[in-house]
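Hi everyone, thanks for coming.

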Amino acid sequence: QSYSLKGFRAAFLDFTDDPFYTTETESVRYLPDGLLVVEQGKVKELGEYQTLQAKYSQIEIIDYSGYLISPGFIDLHLHFPQTEMIAAYGEQLLEWLNKYTFPTERKFQDKTYAQQVASLFLDELLRNGTTTAVVFTAVFPESVDAFFTEAQRRNLRAIAGKVMMDRHAPDYLTDTPESAYQDSKELIQKWHNQDRLLYAITPRFAITSSEAQLRLAGKLLAEFPDVYLHTHLSENQNEVAWVKELFPDCNGYLDVYDRLGLVGERSIFAHCVQLTDLEFNRLSAAQSAIAFCPTSNLFLGSGLFKLHQAKKSEYPVKVGFATDVGAGTSFSLLQTAGEGYKVTQLQHQPLSPFQAFFLLTLGGARALSLDDKIGNFDTGKEADFVVLDFRPTPLMQFRNPPQLPPTLDAFSEQLFTLMILGSDRNIRATYILGELACDRQNNPENPLN
Ligand code: GUN
Ligand code: ZN
């Protein structure tokens, strides 16, 4: 019977509760020398190596001593067609969309091309330790098929959908309310709940969807209540002002989505930089999720997301980190967390390393209502995890000792170096359902080998 069991020896970090609302001793699970036992792609047991060693003496053990294993990172929002236009100079949101984004997304009408880019994009996620992602495709159904085909091939947990947009964009990139409804419906029936894939109804934002289109998006969501709703909200001041002009009867930007039935517990709103207090409260009541995209918000000059307000205990809003590639400047959620720290520093509310790693793992899983399946190493969860190297460069070897420390306080300091100095170089390996999906040391292009 032991043939189907596999063990991993390493240091382990995961969360059993939210460190924004509880003490670290109540929420952080840190094992300096642990053993994770995986059976059929799921977590069977996690404990001290010394305690479990005898019980599992017969099984194969993969030794990552000196490394840290964390649940795989969860990226709550990014755009696969924008991979090739990451780092486009000089513009803020609305001009950036017109000048760079729309012409690029046009190419994704071609399914072969879309599949090539999807493949590169998904490999890049794995190289960065991201094992679950919520992804914008393009307006073309072919781009959705291309994306899901490649995600399914890698057994990745992915949430995606066809972009709906019927105005304020070039003709070559627009659909109609009816075609968007019909195409989305067919794609839901084709892809939702196939293996680990999930569908998100994806109107781009209130500027590029007419009221008629948003209304049909709401109808679709009511017809398929277990799919997600994924869109952008209150990112940039000019955007918010334009939405108010387009929907003069609405009581603010969020209200546009709310009146059409798009604000619920499976709704994911990217950015939310310009939200009012009342809008934060409404997202809390609706149990919707916010994707916090610090590298993107800084890159496009959009502003500073008020993380401390989202995490207020009176009106808690579900939040996770997101890269928002290609307005975001990195696929690395470690770098994203580091920029998130700086955004909170500018508001004198510094994010702690444990809070950051919570947002990258269990917090993201809760934001997606997937915390029964992913997010930590509780027994029965899917064994998606990342093996982290604290010392991949001379600088990090100088900064961090060879052994991970035994106490939570000392460990917290090491963990902070991962989010401030870290990048894809710190990702030693990524596992999907207990299987190796990406290994730096076997990459011949890795100069550190
Ligand atoms: N708002 C509408 N579309 C987009 C997009 O592609 N990127 C970002 N960052 N914001 C948007
Ligand atoms: Zn985006």
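## Starting from one helix

On one side of α6, Glu178 and Gln189 are exposed. Keep in mind as we go that this is a predicted model.

Which residues of α6 are buried? They are Ala180, Tyr181, Ser184, Leu187, Ile188 and Trp191.

A quick check on the helix itself. α6 runs over residues 177-191, and at 1.5 Å a residue its 15 residues should span 21 Å. The C-alpha atoms at its ends are 21 Å apart, so that agrees. After α6 comes asparagine 193, with a positive phi near 70°.

Now for another helix, α4, residues 111-127. With 17 residues, α4 reaches 24 Å from its first C-alpha to its last, close to the 24 Å expected at 1.5 Å a residue. Its buried residues are Ala114, Val117, Ala118, Phe121, Leu122, Leu125 and Leu126. Those pack against β6 (130-136), α5, β15 and β16. Just after α4 there's glycine 129, which takes a positive phi of about 80°.

Let's zoom out to the domains. The protein is divided into domain 1, which is 2-72 + 377-442, and domain 2, which is 73-331. Their C-alpha centres lie 31 Å apart.

Next, the ligand. What surrounds ligand 1? The shell is made up of His79, Leu93, Leu97, Thr101, Arg204, Phe205, His232, Glu235, Ser296, Asp324 and Ala327. Helix α3, residues 93-105, provides the largest share of that shell, three residues. Sorted by class, the shell has four nonpolar, four polar and three charged residues.

Most residues other than glycine have a negative phi, and most peptide bonds are trans. Against that background, look at serine 234, which has a positive phi near 50°. Serine 234 is in the loop between β10 (228-233) and α8 (237-246). Is serine 234 buried or exposed? With 26 other C-beta atoms within 10 Å, serine 234 counts as buried.

Serine 369 also has a positive phi, near 50°, and lies in the loop between α14 (353-367) and β14 (385-388). Serine 369 has 15 other C-beta atoms within 10 Å, so this one is partly exposed.

And one for the peptide bonds: the bond from valine 325 to glycine 326 is cis, with omega near 5°. You'll find glycine 326 in the loop between β13 (318-321) and α13 (333-345).

That's my tour, happy to take questions.

Methods
Residues numbered from 1 in each chain as written. Chains lettered and ligands numbered in written order. Predicted model: local features only at pLDDT ≥ 70, side-chain atom pairs only at ≥ 80, totals over all residues. Domains from an automatic or database assignment. Helix = DSSP H or I, 4+ residues; strand = E, 2+ residues; numbered from the N terminus. Expected span 1.5 Å × (residues − 1). Buried ≥ 20, exposed ≤ 12 C-beta atoms within 10 Å, placed from the backbone. Near = placed C-beta within 6 Å. Nonpolar A, V, L, I, M, F, W, Y, C, P; charged D, E, K, R; others polar. Contact = placed C-beta atoms within 7 Å.
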